[in-house]
Amino acid sequence: MPNITVNPTRMELTRLKGKLRTAQRGHKLLKDKRDELMKQFLDTVREVRALRAEVEEELMTVHGSFTVAAAIMGSQAMEQALLYPKQSVELTMTSQNIMSVNVPVYHFQTKTQSDADIYPYGFAATSGELDTAVAALGNVFQKMLKLAEIEKSAQLMAEEIEKTRRRVNALEYVVIPNTQESIRYITMKLDENDRATTTRLMKVKDMLLQEALEEQRAQDEQILTRYKGKET
Amino acid sequence: MATRYRIAVVGDWDSVMGFRALGLDAYPVTDAEEAKEKVRELARTDCAVIYLTEQLAKDMDDVIARYKDELRPAIILIPGRAGSLGIGKANIQRAIERAVGADIL
């Protein structure tokens with residue numbers, strides 16, 4: 001829909017042309033950004049899907065082994081065994097910039113260094129199944145952290161892509177056509193004004209000529225009558 | 001930039017117990033309302049990653065959506081002991097639809 005309220009002046013035309021150039025450049029840049037983001041996003045998403053399937057499967061196995069351990073030891077005893085953690089995990093988060101999207105990168109540190117030292121209970125009162133379960137969970141956890149990182153990245157990128165896509169579309173289907181329409185409107189209006197001026201000038205010139213001609217004729221007539229009067 | 005964050009696990013007691021042994025902060029909750037409170041509280045404090053069981057997540061879309069577009073915390077769904085509900089996978093699908101505007105994979 002063209003904007004009818006524009007002033008058909010040369011200044012406005014120059015302004016609109018500048019706006020159109022900016023819009024077109026912005027559109028091109030945003031489109032490139034969208035395409036690159038999309039490429040990155042799809043790579044990430046593929047990774048997320050694979051990793052999530054893996055994690056879910058392994059986690060179910062781990063849950064299974066905990067259930068077995070609980071069945072063997074009794075859930076009360078297991079609760080007691082796990083109540084006080086020996087290990088503690090701390091996370092530092094830095095962010096990485098992928099095409100203007102800040103995505104998190106996690107680094108985690110564990111308090112105890114060795115993997116074998118994580119069991120918060122004595123081995124006497126617990127069953128071996130619990131050890132296996134805890135160790136398995138420790139392995140899954142590495143993947144879970146990676147999953148957290150890339151899944152969050154995927155979510156953030158999805159949001160950014162959506163925003164960029166909207167902007168690209170708004171520029172492509174609204175701003176640019178509207179500006180073009182306004183430019184065309186002003187150009188036509190100015191041309192029309194030019195033609196009107198030319199026509200008016202021609203008309204005025206015609207009228208002036210006509211006047212001059214009539215004057216001339218009247219003069220001629222006078223001279224002619226005077227001349228005729230002399231002759232007779 | 002070296003702020004230290006914690007990793008939390010929110011879910012039913014059976015599902016989160018094991019994570020306690022790994023040194024994560026496990027928060028056993030019984031229903032979705034309690035879990036919502038907990039997640040909000042954790043998000044306000046120094047929690048960077050929250051693992052949430054799908055059994056609870058299915059009733060707390062609002063809270064999850066609230067933190068979806070923020071850098072911290074990342075709420076990651078994991079299957080609870082009762083099994084996977086496929087919500088985690090559906091969420092990836094939704095992210096794709098959101099980005100692309102159509103389901104392409």
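Chain A contributes 50 residues and chain B contributes 38 residues to the contact between them, where two residues are in contact if their C-beta atoms, placed from the backbone, lie within 7 Å. This is a predicted model, in which local features need pLDDT of at least 70 and side-chain atom pairs count only at pLDDT 80 or more, while totals for chains, interfaces and linings use all residues. Residues are numbered from 1 along each chain as its sequence is written, and chains are lettered from A and ligands numbered from 1 in the order in which they are written.

**Confidence**
- The model has an ipTM of 0.85 and a pTM of 0.79.
- For chain B the average pLDDT (the predictor's confidence in each residue, from 0 to 100) is 82, with 95% of the residues scoring at least 70.

**The side of chain A that touches chain B**
- Two or more residues each come from helix H1 (10–73), helix H2 (75–83), strand S1 (89–98), strand S2 (101–110) and H3 of chain A; helices (H or I, at least four residues) and strands (E, at least two) are DSSP runs, numbered from the N terminus.
- H3(A) supplies the largest share of this side, 18 residues.
- By class, this side has 28 nonpolar, eleven polar and eleven charged residues, with Ala, Val, Leu, Ile, Met, Phe, Trp, Tyr, Cys and Pro counted as nonpolar, Asp, Glu, Lys and Arg as charged, and the others, Gly among them, as polar.

**Helix and strand pairs between the chains**
- The axes of H3 (residues 128–231) of chain A and H5 (residues 87–100) of chain B come within 8 Å and cross at roughly 20°, the axes being lines fitted to C-alpha atoms, for helices over the stretch in contact, with angles running from 0 to 180 degrees between N-to-C directions.
- H3(A) and H5(B) are therefore roughly parallel to each other, since angles under 35 degrees count as roughly parallel, over 145 as roughly antiparallel, 65 to 115 as roughly perpendicular and the rest as oblique.
- On the H3(A) side the contact is made by A:Ala154, A:Gln155, A:Ala158, A:Ile161 and A:Glu162, and on the H5(B) side by B:Ile92, B:Ala95, B:Arg98 and B:Ala99; six of these residues are nonpolar, one is polar and two are charged.
- S1(A) and strand S1 (residues 4–11) of chain B run antiparallel and are joined by two bridges (strands pair if DSSP finds at least two bridges between them), and A:Thr92 stands opposite B:Arg4 in S1(B).

**Within chain A**
- The axes of H1(A) and H2(A) come within 6 Å and cross at roughly 115°, which makes H1(A) roughly perpendicular to H2(A).
- A:Ala69, A:Ala70 and A:Met73 in H1(A) meet A:Ser75, A:Ala77 and A:Met78 in H2(A).
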